[in-house]
Amino acid sequence: MSAEIRMRDEIARLSKSLFDRGFSVGSAGNISAAVEDGILMTPTNSCLGFLDPARISKLDRSGRHISGDKPSKEVFLHRAFYETRPQTGAVVHLHSTFATALSCLADTDPDDCIPPLTPYVVMRVGQVRLLPYVKPGDESMGDMIAELGGRYAAVLLANHGPVVTGKDIASAVYAAEELEETAKLLVLLRDAPKRMLSPENVTELKAVFGSY
Ligand SMILES: O=C(CO)COP(=O)(O)O
Ligand SMILES: [Zn+2]
């Protein structure tokens, strides 16, 4: 089996896993993964729970659609991550409930919208930047991500949802799940006095576990 066929199967398998556990609903969200000669991307308006691996879109390195169904309308956003973070192997965009809830709160800190509450979000995701609202599929979102210069592995799109990257597709999916679970804790504990991880705790985690 070729590496591309294996990757198509892996995208479908992990997408279904996210859908089955409620991380995406309907046709919300999209996933892409790098292959040797381009990028595989979930088709626009497809449901993550019912992808046909053979119909997953393929783009060449310059972003041209070369096979499969029409790609996600968020193609600009995905490509901006691959271009500015060369270590990116996959990109996961979801409308998962709690991360999206944080993206709608007026007092979310745009520079650190998923603050370090527990270690795994630091280890798997790192600092997350909130980007201003634009309509889904707007080309300007690609520019806004490019302007971050590859400094963030994940962003939260205001009033929309998270975008999380990883060195490979499993890492990106795990990081998206970790981000969502931390967002859930932050919403649950919103009005309670909280003990956050200290800057020293965060530095230690980065030193021991590295950052992608
Ligand atoms: O989440 C989405 C847009 O932000 C879904 O769009 P696509 O169906 O085009 O991938
Ligand atoms: Zn979306």
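**Exercise 1.** How far apart do the end C-alpha atoms of residues 9–187 lie, and what percentage of the span is helix and strand?

*Solution.* This is a predicted model: local features need pLDDT of at least 70, side-chain atom pairs count only at pLDDT 80 or more, and totals for chains, interfaces and linings use all residues. Residues are numbered from 1 along each chain as its sequence is written, and chains are lettered from A and ligands numbered from 1 in the order in which they are written. The end C-alpha atoms lie 34 Å apart. The span is 36% helix and 20% strand. Helices (H or I, at least four residues) and strands (E, at least two) are DSSP runs, numbered from the N terminus.

**Exercise 2.** Describe how helix 1 meets helix 6.

*Solution.* Take the axes of residues 3–20 and residues 169–188: they come within 11 Å and cross at roughly 10°. Axes are lines fitted to C-alpha atoms, for helices over the stretch in contact; angles run from 0 to 180 degrees between N-to-C directions. The two helices are therefore roughly parallel (angles under 35 degrees). Next, list the contacts (C-beta atoms, placed from the backbone, within 7 Å). Glu10, Ile11, Leu14 and Leu18 of helix 1 meet Ile169, Ala170 and Val173 of helix 6.

Conventions: Parallel < 35°, antiparallel > 145°, perpendicular 65-115°, else oblique. Contact = placed C-beta atoms within 7 Å.
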